[in-house]
Amino acid sequence: MKKAKGYGFSMVLVLLVSLTSSFCDKKKDMDLAAKKKTVTFAVSFDSSLITTFYAKYPKLVLYKKQVVSLYQKNNFDFIWYDQKGRKETADVIYNKINNLSHEGVEAKLPYKEMLDQLLEKNNTKPDVDTELFLSNYYFFYVNKTLQGIDSTKIEELGWYLPRKKQSYVGYLDSLLVDPKLLESKNQQIDQYYKLKAVLQKYRDIEQKGGWDSITVAKDFVSIKPGDSSAVVAKIRNRLFLTGDISEDSGRQLYGFSLQQAVLKFKKRMGFTKDKTILPKHIDEMNVPISERIKTIVVNMERCRWVSTDVTKAKEYIFVNIPSYKLSYFKDEKLALRCNVVVGTTMNKTVVFSGMMSYIVFSPYWNVPPSIIKNEIIPEMKKDNNYLSKHNMEWNNGAVRQKPGPRNSLGLVKFLFPNSNNIYLHDTPSKSLFSSEKRAFSHGCIRVEKPKELANLILENDPNWTSEKIDTAMHRNKEKWYTLKEKIPVYIGYFTALVDEEGNINFYKDIYGKDIQLAAMLVEE
């Protein structure tokens, strides 16, 4: 029995040794595998290789200044790789530049085939070219999609709204920690993301063939409710494609549902809302979808120029020139929207911003020297009583119009001091607000509802009531009032905007700015 026990003990000992040896071997294999997953490479690279890179790839030299700044900040360490291989942010950026069109950017990426090959070959240990390609394409992406075209080019278009300066060198630090930041919808104003969604919708329509042109007879005059024709069926199909009507029944009768769709279409296009279809309405329906897409892209670019801080203000006023609309936002809600009259093509209203500081009741109109020279003096030569007939007088060598209901500024004006001498004001010419085209002024902005605007601005001011405002407006004696809190005023130029109901609205490019901007975007 003792021998048997000794033998058994020996067998157990052998088994234990065998198991231990096996475990150690497995541990060695695991350690070796772990070592294989850990990539070893030089932490930094020779700074002179940046110059070599741009000599090989000169089309990327536009981003050299930013790239050099990035690596100086990081002591010329590799940024897109670590010991585990290529960082997630690198793949996110690569995916983004492969889908630039989703952001309304059609620019071609130089040397992209080269990057494709480099990334396919190696996703672990980097070489300097791969590293620098990723950095250049990062700046390519953020410059195109977040920043937009250079400020000097924007000013060539007459756009003087302030832009928030952003360091995309510093922004990369945040992206490397959290690549999902690129997916957030707080990098641009909300309108950008609304336009982006519509862009996708219109591109889907385009891929399915877009819409056919609606042909009418040369003597076509109009279509009215109750009319029936093949053209009506085509209009129904056209409005179905853009969602103005929920279904395409194919009916040729201009009935109730199509009438409502026409009203919706007219509202989106800035037409007078009636049910009669005229040649100009069909012309608008016939604008090719490719042109609509181009307009959306152009206005997405404009959104990139507007700081997100704008819509965070306690209150602000936004005037959109092409839509002839003023919108007053208070506590992030729309408090007032009304029609405006803007400058003619010869006297364009400037795109800029200011801080409303004063309201002037029963104002004088100090006639600009250009109007005195070009309009008033020639009329005075024809009629010696011209000034008195128009309630005007000489004032220190200049001409001014006295307060009153006939005053060209109406009964109240809203001042936000600026070098352009542009302000908001009332007008005695109320009929102009019902016109579809409302570019009639010398550059200032005539407001359809000035009293309502004054009431809203002063509603929390204990010095004013609605009755006092009305009295001041009709007193025929000028009265200045300094606002307790200044209100930001932004005058912009957008030919496509998505409204609160999610509908895309297109407006006439009255100053021809879309064509200029579209050309710049192609050059980019």
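Analyst: A quick definition to begin: a charge counts as sitting over a ring when NZ of Lys or CZ of Arg is within 6 Å of the ring centre and within 35 degrees of the ring normal. Keep in mind that this is a predicted model. By that test, Lys 348 lies over the face of Tyr 511, with 5.7 Å to the ring centre. Lys 59 does likewise with Tyr 111: its charged end sits over that ring, 5.9 Å from the centre.

Now for rings meeting rings. The structure holds 27 aromatic pairs. Take Phe 45 and Phe 76: their ring centres are 6.1 Å apart and their planes stand at 85 degrees, so this pair counts as edge-to-face. These two come from distant parts of the chain, 31 residues apart. Phe 45 sits in the loop between helix H1 (2-37) and helix H2 (48-56), whereas Phe 76 is in the loop between helix H3 (64-73) and strand S1 (81-82). Are they buried or exposed? Both Phe 45 and Phe 76 are buried.

Phe 53 and Tyr 57 meet at another angle. Their centres are 4.9 Å apart with planes at 50 degrees, so the pair is tilted. Phe 53 and Tyr 57 are both buried too.

That pair also belongs to a cluster. Ring pairs tie Phe 53, Tyr 54, Tyr 57, Tyr 111, Phe 133 and Tyr 137 together. Tyr 111, remember, is the ring with the charged end of Lys 59 over it.

Of the 20 residues of H6, 19 are buried, so the helix is largely enclosed by the rest of the structure. At the start of H6, a side-chain oxygen of Asp 127 comes to within 3.0 Å of the backbone nitrogen of Asp 129. After the helix comes Gly 148, with a positive phi near 85 degrees.

Methods: Residues are numbered from 1 along each chain as its sequence is written. This is a predicted model: local features need pLDDT of at least 70, side-chain atom pairs count only at pLDDT 80 or more; totals for chains, interfaces and linings use all residues. Side-chain values use heavy atoms; hydrogens and water are left out. Buried means under 20% relative accessible area, exposed over 50%, partly exposed in between (1.4 Å probe, protein chains only). Helices (H or I, at least four residues) and strands (E, at least two) are DSSP runs, numbered from the N terminus. A polar contact is a pair of N or O atoms within 3.5 Å; within protein, one must be able to donate a hydrogen and the other to accept it, and residues adjacent in sequence count only if both atoms are side-chain atoms. Rings of Phe, Tyr and Trp (its six-membered ring) pair if their centres lie within 6.5 Å; planes under 30 degrees apart count as stacked, over 60 as edge-to-face and the rest as tilted.
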